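Subject: Structure for your review

Dear colleague,

Please find below the structure that I am handing over to you. My notes on what was found in it follow directly after.

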Amino acid sequence: MSFEPILLAPEEQVEEIYPYRRVWRTSWLEIWVLLLAVAAIWVLTHFFGALPATLRDPLPKLAIALLPLAAWLVFSFRAERRAPQPRPGLVGLLILGALAANGVAIPLQEHLFTPDRWLPGQGFFGRVLGYGLTVGVTTEFLKYAILRYTGWPQRFRQRLDGVAYALTVSLGFAVVYNVHFALDPDMTLTATALRVASVTFSQLGIGVVTGYFLAELRIGRPPIFWLSAGLLLAGLLHGIYYSFRGIAIVSGLGVGATASSPERGLALAFGLVAALFAVFAFLIESSDARMEALTGRREVL
Amino acid sequence: MSEVIWTNEGPPLTFRQRWNGYLIIGALALALLLGLTLRSNTLNATQTLENLEAGIRAQIPQGWLVDSGGADYVFRAEDPDALPFKTLLQVSILPVGPDATPGNILYLIDMQRPNTLPAYRFISRSQITLRDGSPAIRRTYAYTQDERNPALESLPIVVEGVDVIVLRRSQAVIVTYREERSAFDDNYYRFENLLRTLEIF
């Protein structure tokens with residue numbers, strides 16, 4: 001007969017320290033902060049009347065436009081600095097993302113692709129293809145190029161590194177788009193806030209696709225058309241979001257001056273980022289688990 | 001805990017990684033080619049408009065609203081999606097005497113326009129040659145248009161217009177393009193397309 005002794009002072013179990021910043025957790029915090037801030041502005045304007053509906057001052061609009069950047073500095077960047085093994089070069093990627101958006105993506109969109117001139121008359125699939133194959137692929141190719149020619153492959157140790165870096169570049173894109181909206185004198189504070197949240201959520205959500213495909217190319221053994229497939233997928237996701245956003249905002253009946261409903265556009269953007277985060281978290285977790293089962297480790301050393 | 005030392009030198013690229021890098025550029029080029037072709041086809045898609053009674057056939061942009069029941073024009077096509085001014089293409093025919101010159105027609109138009117177009121201003125006049133070699137007069141002008149709905153409280157918009165006048169036997173054909181001033185140059189190609197495809201028979 002055997003028995004296990006019961007210790008009066010059991011040994012303290014040593015918890016393994018996770019050496020990297022937890023990307024999903026900090027990104028979710030940023031998203032919730034932005035969502036709550038935008039919801040607060042909307043409620044204060046439309047329910048309590050505390051903010052005038054015609055408020056067009058540039059300062060509050062700039063503040064809401066820069067809120068995603070502030071949230072990133074508070075949650076992601078600070079957590080990265082505190083992590084035992086921080087990811088380097090994040091600020092540089094953020095600046096490069098902003099420069100590429102302002103110097104290449106926006107001029108191409110406004111002067112060459114001009115989606116507002118020809119897409120509104122198209123059907124759903126025409127919009128998906130039209131927007132995805134012009135604005136969508138260009139945006140995601142620029143993000144790819146920044147990641148590819150700065151830190152890839154040496155800074156990609158695990159699949160989540162791809163997500164972390166791609167989210168940073170996407171935030172640079174989103175901030176520039178947001179500032180452009182904020183400086184538009186015709187936009188009210190509420191409209192700017194809703195637009196800022198929509199743009200930020202869609203850029204972050206679709207940016208994850210590019211990061212995942214780049215990380216998988218570094219770590220796994222994908223086929224030679226892997227990145228091309230990722231680029232087209234990300235581009236078409238932009239197109240799908242653009243098409244559904246049009247439907248979400250202008251569909252429905254209303255008794256006001258217009259029947260448009262920008263808050264449905266916000267809900268769609270939030271749904272997009274939540275769905276993409278969930279899907280790619282699952283894909284990354286299952287790929288990492290498979291790799292751990294085969295090789296005994298989850299990262300490239 | 002071990003410290004990670006970052007270097008700028010990455011590991012050498014594998015065959016798959018190299019070819020992924022090449023193919024993504026090809027995929028971008030292909031996607032842009034398709035996207036820009038789709039854009040071009042959409043913006044330049046046309047439909048044929050024919051009026052056998054007036055002897056006019058022309059290509060106008062697809063999806064535009066066409067009105068061919070006016071007393072002073074053969075047809076008028078407007079872009080229903082354009083804001084704040086519905087871009088307009090119009091073809092009119094005026095019966096003229098055998099001694100009429102394009103200058104006479106211009107004088108007649110200049111007499112009538114200020115009565116119908118607010119703040120009408122003549123801008124320029126030039127001689128041009130159409131594709132088939134026939135001489136014509138090109139005249140530009142501007143006027144203001146007020147929003148008809150007073151509840152919108154909008155400012156008047158400035159509209160720029162151009163007429164091309166050409167004499168055909170005992171008729172003067174007037175081809176007109178009008179657009180809000182800031183979008184005038186961007187959509188001018190539509191007017192050129194109309195002129196290029198206009199047949200008078």
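**Salt bridges and strand pairing**

Both B:Asp163 and B:Arg139 are buried, where buried means under 20% relative accessible area, exposed means over 50%, and partly exposed lies in between (1.4 Å probe, protein chains only). Please note that this is a predicted model, in which local features need pLDDT of at least 70 and side-chain atom pairs count only at pLDDT 80 or more, while totals for chains, interfaces and linings use all residues. Residues are numbered from 1 along each chain as its sequence is written, chains are lettered from A and ligands numbered from 1 in the order in which they are written, and side-chain values use heavy atoms, with hydrogens and water left out.

B:Asp163 and B:Arg139 form a salt bridge, with their closest N and O atoms 3.3 Å apart; the term denotes a side-chain nitrogen of Lys or Arg within 4 Å of a carboxyl oxygen of Asp or Glu. Because B:Asp163 lies in strand E8 (residues 157-168) of chain B and B:Arg139 in strand E7 of chain B, the pair ties together parts that are 24 residues apart in sequence. Helices (H or I, at least four residues) and strands (E, at least two) are DSSP runs, numbered from the N terminus.

B:Arg139 also meets B:Asp110 in a salt bridge between their side chains (2.5 Å, N to O). This pair links distant parts of the chain, since B:Arg139 belongs to strand E7 (residues 135-145) of chain B and B:Asp110 to helix H2 (residues 102-116) of chain B, 29 residues apart. B:Arg139 has 0% relative accessibility, whereas B:Asp110 is partly exposed at 29%.

How many salt bridges are there over all chains? The count comes to 12. One of them joins the side chains of A:Asp161 and A:Arg87 (2.6 Å, N to O). A:Asp161 lies in helix H6 (residues 159-182) of chain A and A:Arg87 in the loop between helix H2 (58-82) and helix H3 (90-113) of chain A, so this pair connects parts 74 residues apart in sequence. A:Asp161 and A:Arg87 are both buried.

Turning to the strands, six of the eight residues of strand E5 (residues 88-95) of chain B are buried. Strand E4 (residues 75-78) of chain B runs antiparallel to E5(B), joined by four bridges; two strands pair if DSSP finds at least two bridges between them. B:Glu78 stands opposite B:Leu88 in E5(B). E5(B) also pairs with strand E9 (residues 171-180) of chain B, in the antiparallel sense, over eight bridges. There, B:Ser92 has B:Ile174 in E9(B) as its bridge partner.

Yours sincerely
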